[in-house]
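Me: I've got a model here and want to talk through the packing terms. Can you walk me through them?

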Protein chains: 2
Amino acid sequence: MEVTRTNFAESIEIVTEAIQEASFITIDGEFTGLNISGLNHTGPLDTPEERYHKLLQGSTDFLLIQVGICAFIYDGSAKRYTAKPFNFYVFPRPYTRHAPDRRFLCQSSSLDFLVSQGFDFNKLFREGISYLTPTEEKSIREEIEQRHLQHQQSFYSPGLTSPDGGDQAVPKGPIAIPEEHSEFINSICCKVEDFLTNSEDETLELPPCTAFQRKLLYQTLGTKFPNEIHVQSKSGEKNQRFLVVTRMKGEEELKQREDQKQQEDFDELDRAVGFTKVMKVISQSGKMIVGHNMLLDLIHLLGHFFYPLPESYEEFKLMARCIFPRLLDTKLMANTQPFKEKILMSGLSDLKKTVEQEPFCKPDIVIPEGFGHHYMETEQLHEAAYDAFITGQCFISMSNYLGKFQDPPVVILPPASPLLEPFVNKLFMMRLIDIPYMDLTGPDLKPTRDHVFHVTFPATWRASDLYQLFSPFGNIHITWLDDVSSFVSLTKKESADSVMKSLCKKGTPYRITTYDEFKRRGKERNKRQTSSGHSVSKKRPSSPEDFDIPSKKQKSLNVNAAPFQSRSTPTNTPEKSDPGSTAREEESMTTAGEEQGEGDAGTSSQVENAETMFEVPEAWE
Amino acid sequence: MEVTRTNFAESIEIVTEAIQEASFITIDGEFTGLNISGLNHTGPLDTPEERYHKLLQGSTDFLLIQVGICAFIYDGSAKRYTAKPFNFYVFPRPYTRHAPDRRFLCQSSSLDFLVSQGFDFNKLFREGISYLTPTEEKSIREEIEQRHLQHQQSFYSPGLTSPDGGDQAVPKGPIAIPEEHSEFINSICCKVEDFLTNSEDETLELPPCTAFQRKLLYQTLGTKFPNEIHVQSKSGEKNQRFLVVTRMKGEEELKQREDQKQQEDFDELDRAVGFTKVMKVISQSGKMIVGHNMLLDLIHLLGHFFYPLPESYEEFKLMARCIFPRLLDTKLMANTQPFKEKILMSGLSDLKKTVEQEPFCKPDIVIPEGFGHHYMETEQLHEAAYDAFITGQCFISMSNYLGKFQDPPVVILPPASPLLEPFVNKLFMMRLIDIPYMDLTGPDLKPTRDHVFHVTFPATWRASDLYQLFSPFGNIHITWLDDVSSFVSLTKKESADSVMKSLCKKGTPYRITTYDEFKRRGKERNKRQTSSGHSVSKKRPSSPEDFDIPSKKQKSLNVNAAPFQSRSTPTNTPEKSDPGSTAREEESMTTAGEEQGEGDAGTSSQVENAETMFEVPEAWE
């Protein structure tokens, strides 16, 4: 069911009911972009904390423009699910002139991708549902109340105080009417005079005029026809503004009119809160929320509809837990035992195909008429509600597969089953080598990185120089940080001990430190910056050491050996590493290229990197 | 005539011809936004240099999405103009995967405004014409050449060197095929075998697969069928990628194929350069370019299609002169003698109405069929080409009016007339009190600001406190800078001398300096920052002293006296100031509220301010 601002008011009850009766809810978002230039989100050696900060800094200036929500309601008698998918277009149109006028980022490739998938941007900008965070709502509500109070005060000294009514100490007289406007003002006064004496109409629309002329008219008509009329500014079809004069029966009616105006302002605010209400209902329901590769979705949902995203990673986890107490990521599930071996490609559309076949079983799901019944037959990938729907389908298939392991086995495993607990509140992290998930409820995994080294070197160095340097220790993977530094990971972890002894010498053109030492120094650097007055919570990355910046070097290297080596698959001696995990790594790294919307705004530069990496030889012998 | 990427190739000749035969060209742009949050472009006391820097920092992250160009061709025999308007949708779609993937800003209110005016965003993202700056073009061209060179080298050691062919020192073997992929790879090999032996087709399309699978296929097919086939990756309708196998007759044909590929890359690059070609033709024509309130258009045109905008204001002027040697701004013309008194509202649509009437004369203009003939009858304000068309109409009307003053008078004044020289290369600056224009060819005007003072004060201060403080010196205007500072201008300039003597005391809660002193210190501050390693060319404003930041205070003041006073119209004693110039100031300050697209992306926060300023008393007695 498509929901825009046109049918939002009448749909909210249907949505609320669906959420409240749901066994679980799936969610998916579409964004105007994925990552700011020069910031790669997905360093293979990020810690979950670093990953959060990269997303916070590099993704949150983009906008969430479509939210798909699908309520899955279990029908015990028919032993099947009913799915109610809702596709919400959301856009922070400045609904009232008191609402914030948001500036946001777009990424060309993402818009290109979305429009190629049939996304309707005209509908978005024209019909998108507004939203406000609770903080924004509160501040606008207070503004309306204050304005009303000021108006009431100003009734007692019209024309003498400024309209704010606050600084009575400074009486201000009216603005003199500049000569060139007097004819116009006089003609309007005659019109109003005529309206009051000869017309039976309740209101009189004045012709569109400039803001200055309106100001002059407010002032002149106010003095000339006190208590007889009410003047209000309105917007015409093409946004031009004009005044409407309404006949009044004295001061009492005028005051009533003011109260009515305040109520209208509150109603308008209520409409502006819009989509936030849906998210509030979902949060308050406490239901399990299922998403596919949902970390970025989660971050956008929290920041757009709840509270500003905290700088502190621990606070972020706390916030996520408070707002969505039960999250489940189907991409993580698909990449974990017992699914890992059975699901080669965990991109959403591939996953759907896989879990419709043996050993899985396509679940029986009904979408009622009027709720996107066509989803049953036609694929509409990257329409948020469709993606939410098939995420739910995948979740049910995988859950039911787990049911086979229960004693006695069950055909349909409920979402509250303890068998699902290992997956709850753990989010998949794209392209991370040794940490499979972000754990929202506990401390994150901390695999040893003793075989990883940080190396700085001259800008002229290429991958080959690093291979040469490390040749005594077997094969390596390079993770470029910038033109002059990289992480180097040994395939033979047991060689790690001898690296520092052999390579850490004076007078070399490179400098080498262990991973742990490098991180320790980074923390100290941050501390020093904080204590010397620099903010660590800067919104933009400024130090190349902090992030994987695709630098000029990498650009010039895009047909080069380096990117092939910055992966967990050692190309020299693959047979020596665990082939299972190798394939898995490769897969999880490359699937993004397949399901471009999974992150979820189409071609990202990450995708491009993946493409470049595996696609470069467009021809060969 | 609407031009998108669909008809761009066939239209470029028509456009070029129109530009080359034109007497003058008008131009107009539509943007995704006007100004970043918290940065007001239009301080009433900006210098032209400051104004340039504000626009550079606050506007250039937005995108120019529609360019209207109208060629006006004089027909001497019929004594009238033929107008050829072109409406270009432009969008920096990453045309090739080597093209930059641009991130850009949008402003909600601007998109809302544009869509309300009928702007088609789906057409923009789907059909917008690409563009590249000359620098981008050059770098991509070099990349293509280098890639081709590397491919040629790699012919001699297939499978042993990495595809970049650069680091031959490190031979790399093929990637082992992970077990779970071997069935798929084998099935494809059989398919290709079958294609080579049993099919008569030239090409074979392989099923869509992941980037990793494509990588494996490149490698396996390359070893298995050397010189027999060429493999290329293509994008399907829904952006999924697949491989196409083409039958080859040996190494020679493969090399030819490579050359062909390079040519295709160059052709693709040529299409990606797209709209930049039109701007190049215009620049090279040296024709007079006319715009309405065109400073922001100019900045966007230069930055998008020519070179990065320089930090130095003088360099910007030089760049503008080199690229567009003859510019004329109709808004400046309308606000200058002898038009100033006859044109009350200089917003484009108001201006059009005014100059169609006495003492002006609506010019006879013909739009040929197929070139937007409907513009003659129907208004399509804020469609860039329509705006460009009526800008030209206004220019002709005003020019011809000047013709009356020639001796002997002429009915049609040519754009090269010396009577127009006073207006050439001078650009209107919105809402500036005492400097009417930016002069691109000479030093800017430097009016004395001896009657202006910079005051810092406690955050609790309101307008009334400043009025009280300055009460001995007559009426004042306040220009808020932030919560704790403002400029204060005296209406009675002759009182300026005594201000410092009376108010500059020890132990006061405020601090006061003259405008000149404040500016001098600002320059020194900048110098110190530069010499201490801080860049002055930072892209974001960081110091509140530098700009007019609409702060919390101003927000809370939006129903307040302050904004009323930050204008050049003293509300206390208007009769004491020059009523003519007062009206003019008010007008030029408020027209933006009327013609929201003039800046040119709809409602801006400036506009909102103007609205707030004059609209607040929505009701009164």
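Reply: Two residues are in contact if their C-beta atoms, placed from the backbone, lie within 7 Å. This is a predicted model, where local features need pLDDT of at least 70, side-chain atom pairs count only at pLDDT 80 or more, and totals for chains, interfaces and linings use all residues. Residues are numbered from 1 along each chain as its sequence is written, while chains are lettered from A and ligands numbered from 1 in the order in which they are written.

Me: Which residues of helix 6 of chain A meet helix 7 of chain A?
Reply: By that cut-off, A:His181, A:Phe184, A:Ile185, A:Ile188, A:Cys189 and A:Val192 in helix 6 of chain A meet partners in helix 7 of chain A, including A:Leu216 and A:Leu217.

Me: Why is helix 6 of chain A called oblique to helix 7 of chain A?
Reply: Their axes come within 10 Å and cross at roughly 45 degrees. Under 35 degrees counts as roughly parallel, over 145 as roughly antiparallel, 65 to 115 as roughly perpendicular and the rest as oblique, so helix 6 of chain A is oblique to helix 7 of chain A.

Me: What makes strand 15 and strand 17 of chain B edge strands?
Reply: The open sheet has the order 15-16-14-17 (chain B). Strands pair if DSSP finds at least two bridges between them. Strand 15 and strand 17 of chain B each have a single partner strand, so one side of each lacks a neighbour in the sheet.

Me: How do you know that strand 15 of chain B pairs with strand 16 of chain B?
Reply: Six bridges join these antiparallel strands, against the required at least two.

Methods: Axes fitted to C-alpha atoms, helices over the stretch in contact; angles between N-to-C directions. Helix = DSSP H or I, 4+ residues; strand = E, 2+ residues; numbered from the N terminus.
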